[in-house]
Every structure is written in structure tokens, then in C-alpha cells.
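Visitor: I would like to go through this model with you. Could you put it on the screen?

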Amino acid sequence: MAEPGARESVLSTEALSRRFGGLAAVDRVSIECRMGEVHAVIGPNGAGKTTLINLLSGDLAPSGGRVFLRDREITGLRPDQISRLGVGRSYQKTNVFLPFTAFENARLAAQSRLPTSMRFLRSARTYREVNEAAERALAQAGLRGREGVPVAALSHGEQRQVEIAMTLATGPSLLLLDEPLAGMGAEESARIVELLRKLVTDHAILLVEHDMDAVFAVASVLTVMVNGTVLASGTPAAIRGNAEVQQAYLGAEEPH
Amino acid sequence: MASRGVRLAVLGALAVALVALPFVADKFYVQLATKVLILAIFVMSLDLLVGYTGLASLGHAAFYGFAGYLLALITPQYEAASLWTSLPIALAGSALLALVIGTMVLRTSGIYFIMATLAFGEMLFHVFHDTSIAGGSDGIYIYVRPVATIFGWLPFDFEKFTHFYFVVLVATLGVYAVLRNILDSPFGRVIVGIRVNEQRMRSLGYHTFRYKLACFVLAGTLAGLAGYLAAVQFGVVNPDMLGFHLSASGLMMLILGGMGTLVGPVIGAAAMMVLELVFQGISEHWLLLMGGFIVLVVLVLPHGLIGIVSRRGAREDPHG
């Protein structure tokens, strides 16, 4: 794992906030995500982790604060604009195209990287780069051999893998992964952890995940959120030894 | 499940019947078939919106009627307009109207989209019905049909109903082929993706509004083609061409035939026209019979009449 501070900052936020009525779901959160690092955001349910991802991906507009992608401010941009700047996100609740095959799901994701899809003449099947990107992403997510199956007919764990394949197929440099392991079996989980290890060499990854074994296996930076605010942030060792964090979230039991 | 051989045989027989029709049938039936084909173009264009993109429009007749009116307005009173100028003008007019209306109504979605399209359709109806810009509620007669002369040569003559039939047949097949091709293109995959999960399309990087607008304009233009041909066939345009009744009939034909299939609209248009004749022969309360039949089809065949023959009966989604 890389030493923090040595690498290029890809994403940073300044006092990012989102209120729903009187509730501050995300409250003045400032975090940074660097190339070559997995930055894991952990915390109990309702801590604001998914809302944070929604603010970063443009699915939700912030109530305050700013978001920067490298040197560019992206606060308030639409999800499609943020996606095209190289940000790929996956969803906690599987958000795919159920009637389509696994391949078409990934193909549609890869097709979004054409300069435009206002193309009416050639068959979509004949775009070789798009097909290759889709196949590569499916293979990375462990779905080789399942390309032709409609996603509705895949198991829940496989649908989670499609979710990840779609995110990868857009060729992002920053990945926002919202509980990618939720609902996966042990074998698929191990595969995805292995994949994250490989991806992190040339990606910046923001990971929201409840599986602490996985988090401590891949993350080089951890941020703990409680009630919309950052409770603590630092290296896994520092977080593990933090008394406040242990009380609020990790419990007395020592993670291994 | 029909085998490939059976299907080819059916298509072959249908092709022979369509080509042979004007040589064996009375003028009445040729004109009826022409009317069915024109409606088929209209309902196919509606299918692009409703069946493929998931945009349920209740104002689609606006573009159909507008193109018809444009032909009537640019036709000199006792002379013929040129097909080669009047058709492009009518299509461009419908496209422009769809661009303007689409820019506004596509900011809404779901039930609000349905209401907004209905409202714009009715506005257009009343503009033509209540003002004297185009003959008010009586509409305008087109005394002389457009001519297709190219440098003195006349490839076909719209005053001959058999010629007109073949032109409409070619136009229908052309629209079908163009739409099939578009649906297989990157654009086509995007609009179907929008129907299934628009939010995910956005997060994948698609500016979905643009694609929906392009689709709305394309559908409006093709509806304009149908409206232009209808105005040529009947030699008259009136506000009913723009109104809610035709928009709703189009939707009914689409549901009856089977949406999201492109073939369903053709079946639906044909079934509706033929049943209208049959039921009119049975009772003067034929609309009651028609309504009952449609309810029956919806209950028994949720995918429409095409569900009887098609493999899955349902819409054809891309499978890679």
C-alpha cells in the first residue's frame, strides 16, 4: 500500500453538506481520495455514507460545501457530466437493466464513452472497442461465461457483479463503490477484494463497505462517519486503535 | 412458436398479397389498404415513443395533422403542389413543431408527461378549429393532389389510386426498415435503456434529455409523413386530424397490436380498420362492440395481437 500524501489527489471535498429538512445527513465532510489508494468510508447505518456518494456522483445536489475532481470544481454538476469526467459509481441497491443480458448491461455502459450515441446507422453490435471494453469489464467482475444471460435470471450475487462490471466498463479513473460486497457469497467477495487490489494500482477508489475484513484488507485510508459527520480519519492502524471509533462503531472486539 | 420456415412462408404470402392487391381488388379495398398503411406509419412512430422509449404521448396526432395542414396551406387553390417541395416542407414543419413541444413536455415525466402532451395537442386543435387561419372547423380541401414531376418526367401519379397505394406501401416498408435499423444502432440502445432505467443511464454518462428529444422529433417527423399522405389520400384536412381522438386511437391500435415490436402497430392498425367495417355491418352501436373487443384482447392477450404469433409475445429487447 502507498504512503498517504505521496500520491496525486483525485477527489476532494470541502465542508460538503446535505440537509433533508432539519436532518443533516452529511454535515461538513471534508475528505480526499488519491490515485493508487482505497479510501474506505465506514460507519453505522444512517451515518450518511450513501448520501455522501450521491453528492459526489451528482445524484444529489449538495446543500453546502464544494467538490473538486483534481483541480476542477464539480459541485452541482449533473450525474452524466460527472460520469464523463471519469467518475464511475456502483449502487448499494442493485441498479441495472434487468431485462437485458449481462453483456448488454456492460455494453451500454461502455457505449457511453463514445463521443456521442447520436449514431443512427451502424449496428451497435459492430463497435469493436465498445464490445471489448464490455467483455473486459465482465471478465474482471468474474462473469465470464454468463454474458448472454438476462440479468433478471442471474443470482443476486451475480447481479451485484454486473453492477460492478457496468461501473468498470465506463473506464473511470475514480471509483465510488457503495457496498459492492453486500449480498455476495464468500467466493465472489474474495474475488472482488482481489479485483480491488488490482484496480487500485491505476485508480482512486472510494469504498463504502460493511465487511470489515474486506475493508481492512484493501484500504489504506479509513474515514469513520457517525450521524453525518466525520468522527475520525486515518490509517487502518490509527483507526483500529482509536477509542472513540471502537466505542461508536467497531465495538470492543478487535478487528483482525 | 413459429419455425423459421413457416414465418418465411407467411411473409412471402403477405408480400405477394400486398403487391397483387391493386390488380385483383376493388378500388374500395385498395383505398382501405392504403388507409391502413398510412395509419401503420403513424402508429409505428408512436411505438418508437411509447413502446421503446417509454414516453406515453397523448398528443401525437398534432404532428400528423400539422403536416397535413402544411400541405393544404402550400397547395395553390386550383393547381397541384410539387411533391418534392411540399413533402420536405411538411416534414420539416412537423419536426420543428416536435422540437418546440418536445423541449417543453420532456421536462416532465410520467403522468405529467401524458397531461402535457394532451394539453399541447388540444391547444393545436383549437388553434386550427377556432381561428380562420386554415378554414376553421371545416378545414381546407386539397382539390389537386401533389405531382411528382421530375424535369418533365412523371414517375407516378397520385390521382391514380393504384399508384398512390404503391407509393404508400413503399413508404411504410421504408419507415419500418429505417426504424429497425435505428433501434439496432447506438441511439436505439440508448432509448430502450432510458425506458428500462433512466436514472442509471444518467449515471452512466448519458444526457438522457437529448436522446428523448431526438426521439420525440424523429417520431413527430414520421407522424408528419403519415399525416401528409393522409391529406393526399382524402383531399381534405380538418381539425380532427390534430385532435385527441386520433391520438387516443393511435394508442389503442398500438396496444391492440402489441407495443415495442414495430410489427404490432401494423397489425393493430389493420385490425382496427377491418373490425370497424365488420362491426359497422353488424350493428349501429358498433363502437360498443369495438370497445368490448379491445377490452377482451387486453385481458386475454396482454402483449397484444402479436402475442398470438411472436415467440415471447413481448417487446423485443436488445440481447447483445
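Visitor: Which residues is Ile205(A) in contact with, leaving aside its neighbours within four places in sequence?

Guide: Ile205(A) is in contact with Val38(A), His39(A), Leu175(A), Leu177(A), Leu196(A), Leu199(A) and Val200(A), with neighbours within four places in sequence left aside. Two residues are in contact if their C-beta atoms, placed from the backbone, lie within 7 Å. This is a predicted model, in which local features need pLDDT of at least 70 and side-chain atom pairs count only at pLDDT 80 or more, while totals for chains, interfaces and linings use all residues. Residues are numbered from 1 along each chain as its sequence is written, and chains are lettered from A and ligands numbered from 1 in the order in which they are written.

Visitor: Which residues touch the most other members of the largest nonpolar core?

Guide: That core has 161 residues, and those touching the most other members are Ala106(A), Ala137(A), Ala165(A), Ala169(A), Ile205(A), Ile41(B) and Ala226(B). A nonpolar core is a set of buried Ala, Val, Leu, Ile, Met, Phe, Trp, Tyr and Cys residues joined through C-beta atoms within 7 Å. A residue is buried if 20 or more other C-beta atoms lie within 10 Å of its own, exposed if 12 or fewer, and partly exposed in between.

Visitor: Which helix gives the most to this core?

Guide: Helix H8 (residues 208–234) of chain B, with 15 residues. Helices (H or I, at least four residues) and strands (E, at least two) are DSSP runs, numbered from the N terminus. The core lies between domain 1 (9–86 + 180–256) and domain 2 (95–171) of chain A, because both give residues to it. The domain bounds come from an automatic or database domain assignment.

Visitor: How many residues of each domain are in contact?

Guide: Nine residues of domain 1 of chain A are in contact with eight of domain 2 of chain A. On the domain 1 side, helix H6 (residues 186–199) of chain A provides the largest share, four residues. The centres of the two domains, taken over C-alpha atoms, are separated by 26 Å.

Visitor: Turning to Gly86(A), where does it lie?

Guide: Gly86(A) is in the loop between H2 and strand E7 (87–90) of chain A. Gly86(A) counts as partly exposed because it has 19 C-beta neighbours inside 10 Å. Beyond four places in sequence, Gly86(A) is in contact with Pro172(A), Ser173(A) and Leu174(A).

Visitor: And how many residues does each chain give to the contact between chains A and B?

Guide: Chain A gives 31 residues and chain B gives 22. On the chain A side, H3(A) gives the most, with six residues.
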